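Here is a friendly briefing to read alongside your viewer. Have the sequence and the coordinates open before you start.

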Amino acid sequence: MPKRTAAAHARRSTLPTTRPTRGGPMTSDRRDRLIRAARQLFVERGFRAAGIDAILELAGVAKMTLYNHFGSKDALIREVLNHHDVESRTACQLAMSDADGSARDALLVAFERLGAEIASEQFDGGLFVRAAYEFAGEGDVYRNAASEHGKRVCSLFVPYLVELGVDDPAETAERLVMLLDAARTAAFARGDAEAARRATSLAALVIDDAA
């Protein structure tokens with residue numbers, strides 16, 4: 001296995017963090033339980049079909065706890081998406097920064113991770129895409145959230161593309177994120193078990209063509 005270069009060691013930057021939680025450990029625990037329960041049911045049933053009562057039962061908290069922390073189901077959905085954004089980007093950034101070899105290898109790690117994500121029982125098909133689809137026609141809140149998430153993932157890729165000397169790192173990063181989104185959609189909607197492998201092969205072509 002090749003030794004990591006000095007550039008590879010320098011790749012790790014400040015990781016995304018969640019917003020601080022008000023209150024003590026008990027308050028934080030109840031809030032986190034609500035977020036975890038809501039995400040599980042949103043994945044299993046969809047955002048609309050997962051009712052407040054089912055979320056409360058799974059989380060083991062009272063209705064007042066939900067309204068004290070979030071105020072509404074819509075606000076809870078937004079917080080679930082926020083946590084998903086932070087967790088997914090943190091995991092991706094850690095995996096890429098720990099990758100051995102070149103910046104190209106590090107970028108492809110993001111696609112190799114996708115294979116494990118799709119194979120997981122917790123695979124959600126991309127929560128941002130699902131939210132934007134379910135709430136289409138009801139304003140741009142969730143579409144904008146999906147767009148912002150994509151931009152943040154792009155920002156993870158850009159430094160590696162700069163390291164490779166590509167002419168237009170931002171455009172190439174957008175193409176890579178598009179491949180990730182397409183692979184998740186193919187795996188979730190069509191059950192394509194080879195989606196991650198195909199996306200990884202295409203990502204390598206995109207990177208090599210741009211470099």
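Which residues in helix 6 meet which residues in helix 10? In this predicted model, Arg104, Leu107, Leu108, Phe111, Glu112, Leu114, Gly115 and Ile118 in helix 6 meet Ala195, Ala196, Ala199, Thr200, Ala203, Ala204, Ile207 and Asp208 in helix 10.

**Helix 6 against helix 10**
- The two axes, of helix 6 and helix 10, come within 9 Å and cross at roughly 165°.
- Angles over 145 degrees count as roughly antiparallel, so helix 6 is roughly antiparallel to helix 10.
- Their crossing, helix 6 with helix 10, is right-handed.

**The nonpolar cores**
- The largest nonpolar core has 36 residues, and those touching the most other members are Met96, Leu107, Phe111, Ile118, Phe157, Leu161 and Leu176.
- At least two residues of this core come from each of helix 5, helix 6 (103–119), helix 8 (141–164), helix 9 (169–190) and helix 10 (195–210).
- Helix 6 gives the most to this core, with 9 residues.
- Apart from this core lies another, of 27 residues, including Phe42, Ala59, Phe70 and Leu76.

**A look at Ile118**
- Beyond its neighbours within four places in sequence, Ile118 is in contact with Phe123, Ala183, Ala187, Ala195 and Ala196.

**Helix 5**
- Helix 5 covers residues 73–97, and at 1.5 Å a residue its 25 residues should span 36 Å, which agrees with the 36 Å between its end C-alpha atoms.
- Because 18 of its 25 residues are buried, helix 5 is largely enclosed by the rest of the structure.

Methods
Residues numbered from 1 in each chain as written. Predicted model: local features only at pLDDT ≥ 70, side-chain atom pairs only at ≥ 80, totals over all residues. Heavy atoms only, no water. Helix = DSSP H or I, 4+ residues; strand = E, 2+ residues; numbered from the N terminus. Expected span 1.5 Å × (residues − 1). Buried < 20%, exposed > 50% of the residue type's maximum accessible area, 1.4 Å probe, protein only. Core = buried A, V, L, I, M, F, W, Y, C linked by side-chain atoms within 4.5 Å. Contact = heavy atoms within 4.5 Å. Axes fitted to C-alpha atoms, helices over the stretch in contact; angles between N-to-C directions. Parallel < 35°, antiparallel > 145°, perpendicular 65-115°, else oblique. Left-handed = near helix turned anticlockwise from the far one by under 90°.
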